[in-house]
Amino acid sequence: FFTFLVVYLITKKGMGLGDVKYSFVIGYFLGIEKWIFAILLACICGIILFCVGVHLFKWTKIKKLPFAPFLSVGSLAIGVCNFLI
């Protein structure tokens, strides 16, 4: 939560407060160890989609993507893996 809050406070337009709150909820349900992996997976998914968008759809480098869907994918993947193991 505090990591995302610092990013929100420093960048102002880089990340919304909803992402900060959503990250807090994910950390509450998954725990701090699994939260780190969920955030890492969300970032990797976001980077992959952005690179595909730049190359295939000719997005500009200033294209902004909402981060909440990637947080959902990361937390869902970690939660499912945790359930299966």
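A: A residue is termed buried under 20% relative accessible area, exposed over 50%, and partly exposed in between, using a 1.4 Å probe and protein chains only. The model is predicted, so that local features need pLDDT of at least 70 and side-chain atom pairs count only at pLDDT 80 or more, while totals for chains, interfaces and linings use all residues. Residues are numbered from 1 along each chain as its sequence is written, and side-chain values rest on heavy atoms, with hydrogens and water left out.

Ser75 counts as buried, because its relative accessibility is 14%. Ser75 lies in helix 4; helices are DSSP runs of H or I with at least four residues, strands are E runs of at least two, and both are numbered from the N terminus. Leaving out residues up to four places away in sequence, Ser75 touches Ile26, Leu30 and Ala38, where contact means heavy atoms within 4.5 Å.

Leu71, Phe4 and Phe67 touch the most other members of the largest nonpolar core, which has 13 residues. Such a core is a set of buried Ala, Val, Leu, Ile, Met, Phe, Trp, Tyr and Cys residues joined through side-chain atoms within 4.5 Å. Helix 2, helix 3 (32–56) and helix 4 (68–84) each give two or more residues to this core, and helix 3 supplies the largest share, with four.

Phe4 also takes part in the packing of helix 1 on helix 2. Helix 1 (residues 2–11) and helix 2 (residues 17–30) pack at an angle of about 175°, their axes 9 Å apart. Helix 1 is therefore roughly antiparallel to helix 2; angles under 35 degrees count as roughly parallel, over 145 as roughly antiparallel, 65 to 115 as roughly perpendicular and the rest as oblique. Axes here are lines fitted to C-alpha atoms, for helices over the stretch in contact, and angles run from 0 to 180 degrees between N-to-C directions. Phe4, Leu5 and Tyr8 of helix 1 meet Leu17, Asp19, Val20 and Ser23 of helix 2.

In contrast to Ser75, which is buried, Tyr28 is exposed, with a relative accessible area of 64%, and Phe29 is exposed at 65%.
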